[in-house]
Amino acid sequence: MVAETNSNTISITLRVWRQAGPDAPGKFVDYPAANLSTHMSFLEMLDVVNDGLTLKGEEPIAFAHDCREGICGTCSCTINGKAHGPGHGVATCQIYMRAFRDGEVIVVEPFRAKAFPLVKDLVVDRSAFDRIIQAGGFISVRTGAAPDANSIPVPKTDADLAMDAAACIGCGACVAACKNASAMLFVAAKVSQLGLLPQGQPERDSRVLAMVNTMDALGFGSCTNQYECSAACPKTISHDFIARLNRDYLKASVRSAFKPVSSAAGGSG
Amino acid sequence: MAKLDSKIPAGPLADKWRRHKTEIKLVNPANKRKYEIIVVGAGLAGASASATLAELGYKVKNFVFHDSPRRAHSIAAQGGINAAKNYQNDGDSVHRLFYDTLKGGDYRSREANVHRLAEVSVNIIDQCVAQGVPFAREYGGLLANRSFGGAQVSRTFYARGQTGQQLLLGAYSALSRMIAAGGVEQHTNSEMLDLVVVDGHAKGIIVRNLITGEIERYAADAVILATGGYGNVFNLSTYARGSNVTASWRAYKRGACFANPCYTQIHPTCIPVTGDYQSKLTLMSESLRNDGRIWAPKNKADRLKPPASIPEADRDYYLERMYPSFGNLAPRDIASRAAKRVCDEGRGVGETGLGVYLDFADAINRLGEPVVRERYGNLFDIYHEITAESAYQQPMRIFPAVHYTMGGLWVDYNLMSNVPGLFVLGEANFSDHGANRLGASALMQGLADGYFVIPYTIGDYLAGQKPGARPSVDAPEFKAAAENIRAMTERFLQIKGKETVSHYHKRLGKILWEHCGMARTRASLEQALKLIPALRDEFWANVTVPGSAATLNQSLEQAGRVADFFELGELLCLDALTREESCGGHFREEYQYPDGECKRDDEKFAHVAAWEFQGAGKPPLRNIEPLNYEFTKMSVRNYK
Amino acid sequence: MNLAGSIFGSTIGRKIIIAATGVILIGFVIGHLVGNLQIFEEADRLNGYGAFLHQLGPLLWVARIVLLGSVILHIWAATVLTLENHAARQIKYGVKHTIQATLASRMMRWTGVVVLAFLLYHLAHFTLGFTSVATYKENLPLYTMVGDYRVAGFLAVKSGTQVLDVRSMVILGFQQPVVALFYIVAVGLLSFHLLHGADSLFQTFGWRSQKWAGALRKLVIVFCAIYFLGNLAIPGAVLLGKIPVAEPARAAARP
């Protein structure tokens, strides 16, 4: 496994946020990294820097990563002030060193938001997203209770749009990129995916109300329609879904205020 | 010696599962909440099992080492999921899916399991659609299908290039619903490091909290492992970096048999390696082979020339040449080995000589670039991201990479291992794919196990357990296991050697890839069996793990996983050495037909090899479960 | 949650409040501008219009309350959201790179604050007469209507009626270059505020989509430009001496 001869090499300085734990003080630390192949991925560069630190007896930089192909949503750094770095429509793991110049200082920070408390170095806790989904990001269908799949036709345009929204990988870049640390794009994507499909209609109103309320309670900011989220999204999910979320939320608020409720409703077993 | 009773129900093949469901024991609905079940892993199998068991009323605890139950590597499956719906009216049926899967597995899987898989495949699609999984649709609003990886019918359902993700998010949403309802207690950042066996039954696990470093003990009435495959033993693979064998391996060391570890699948269409810093190989979906043509130069001298300058007459479309009826869609193992053969002949392309072309020029001529862009645009984008080359203008370079492992912990028809109370689902078990897995079948198996098999079969075990009789976490077995793990963790930190964990992982991976990869020989395996223990000793003497055990420490996590890979790697080679035949993903060069095809030995090896741990330093015991084919004739696989 | 709770108690609800009050205020500033542009016609027009508005009595107060309420809600919601947004990221980035947010969208808080200051000054100047006392409408000689002032064909102010000379008040006010300049700057910032606000409210109501977002953007830019030019015209024309003031008012205003 020999490196390709046509690959260029560059040297860079890595300026990384180091913080030993949630309550420890944090600071930027510079690490030089020399002779890096431009075919190397950004995370592979971090691996190499970490191996160097380990051999020097220092603690390597903690960073979140797993699939390294842009789909699991684990990787999460802010690189040179941009969530997931300089690419468009890609996650940090899909950034290659050819995106940087020789001699460049690369500033790497964790995603910053009150709702994403820092764990260590570049690792943050994004379980707030799980709690939003638990509030209603699902269709209540018991295993085995489903009708035949083709008994519910879904117009192709709706299905395609739902798929656009469903592409969200839950990485949190939208929150990181938003100046208000708002989770609107994340919530909008899930609300829209399920709201566009006929299967999602019965719980449509309760879902959007519950998910938005949970989002607010977790300390995310609000949307000021600047669309930094969709620009940073590794799956380029459109902020059109935020418009849809706003509309759904308003409709659901009005409907749930005036819709009659059966007096027999309430605690079902 | 372990008793391997497969518990295959009697009766006609098509009736076995239905009959079994009516005959196994049930747990009274009021009693279900008295049983606690631990599920480790939240990929397709783990998440679907956790959600479904909680819906039934069991108290479930789910453990993942990820920061969220939505991250497991099922999410990366691109192509699709098979189901015998026959929506395309092209002659598909449960039997045909069963037969294709069995044949694709080179007749090394259990007939009854595979048939059950084909039967429940149709329910999976219904379930996922009801959950809101946005499968591709036709203009009439009905579900679309495509043909995929070696199938002659269109039975694959897909959601763009993200089928695995969409199915996983469906299962995750069901799991989230049950977490909110209180049916599932979710433990994230929690890595299972040991199985606790009390009186011969699996009754709990030991977990390291990856954030606090705390060693925690959890007891349950049954333990389910859905912890995926072990392909990262090769270091470079299409697996996620975190994928590991630790949960399965620690269960093996507690008595669970490990079956057929040598059955590893090499995927033919991955992006070639560029350098030794490489951490990951990226898969290009097999669907590319529907329209792309695979070739290599006929002459060695042409291998570094620009592909466009090589005339048609000097190109060898070797899959089309060797397998005229399947052509570029030949099964994975066959396509992978053919690529290796071409490269071994010195005709491989790219600087490393480890690559062949996957060419879309004809498809672009025939269909036009817009159609190709619509079908494969996102894959071409991925390729461009990684290689900075445009597949619209020049052929892709591809090479096989480790992608899936068919082997895994041995389970019976109820998915229970030989340790009572320990169940194994999805890729972590060995049961359904034989020696080779067909494309779009992994998602099917994971969800079949989780949604539609374990919810029935676990009752058969639990009905025999007294409600509330599970041991306390203060039982001596739990204390001893936790102490053992704590000591192991300390040991890593004390070595303070001179090399990193990743250094040893790379070297181990190289040994396995070179000696036990796409092609294996007695000599190569015997050598690997010398090299691996030597390297393992070096690892334990010379590795360095910085930091402490009381915080997030990724080096420490990796050290434990690599330590297990060393042991598994040895077993993998031993299994490959003992299986003196070629079948599916296990290719022994000594056993081939003159045209290079696998030569099975059904006389001697129509069985499952289930390895049993005998204690540290002692050779493991090779148990055998014969494969009795009652309904199908084992024939030579022929894709010509 | 009840309707009030989901509107006042949630981030999206408060955004909707900002958008809805924004619509009211945009409607007002358009009407205000159209009314004021009557300054370019004969003196009867603007003065008759002023008298007509005063005649509305309770209706005028309803309008004033709605406007005042809108301003208060607009500011309240924006303030609460801004505080929450600050709290949502307590540790700032060392380096932050903006990808596509427009300048107007990033300046909303500042343009909003300046516009508020302007609004207060404007009310003090022309409505309440706290500043420029000498040229305040009630301190100028009354104006006698030359002809009838009609609104939608109906007679609103009869010829010969003596009304306040608001037209002269405006002209005299803008003859002070500092005041005129402040108006121009403030209205410029208001237009800039609307450049984001008028676009953004469609998103908040959920009416915007990629399909027509480009057209909407152009429409909003044209609207803001027209609004700014219309507002620029009045102090601009006064400063350039294009609109002379009636002699009695000029004499009265002379110290």
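Chain B contains 17 helices and 19 strands, taken as DSSP runs numbered from the N terminus, with helices (H or I) of at least four residues and strands (E) of at least two. The model is predicted: local features need pLDDT of at least 70 and side-chain atom pairs count only at pLDDT 80 or more, whereas totals for chains, interfaces and linings use all residues. Residues are numbered from 1 along each chain as its sequence is written, and chains are lettered from A and ligands numbered from 1 in the order in which they are written.

The C-alpha trace of chain B spans about 75 × 60 × 50 Å along its principal axes. Of its 640 residues, 61% count as buried, that is, with 20 or more other C-beta atoms, placed from the backbone, within 10 Å of their own.

Within chain B, H5(B) and H12(B) pack with their axes 9 Å apart and at an angle of about 80 degrees; axes are lines fitted to C-alpha atoms, for helices over the stretch in contact, and angles run from 0 to 180 degrees between N-to-C directions. The two helices, H5(B) and H12(B), are therefore roughly perpendicular to each other, a class that covers 65 to 115 degrees.

Chain B also touches chain A: 67 residues from chain B and 75 residues from chain A take part in the contact, where two residues are in contact if their C-beta atoms, placed from the backbone, lie within 7 Å. Elements giving two or more residues to the chain B side include H5 (111-131) and H12 (442-462). The largest share of that side, nine residues, comes from H6(B).

Note on methods: Parallel < 35°, antiparallel > 145°, perpendicular 65-115°, else oblique. Buried ≥ 20, exposed ≤ 12 C-beta atoms within 10 Å, placed from the backbone.
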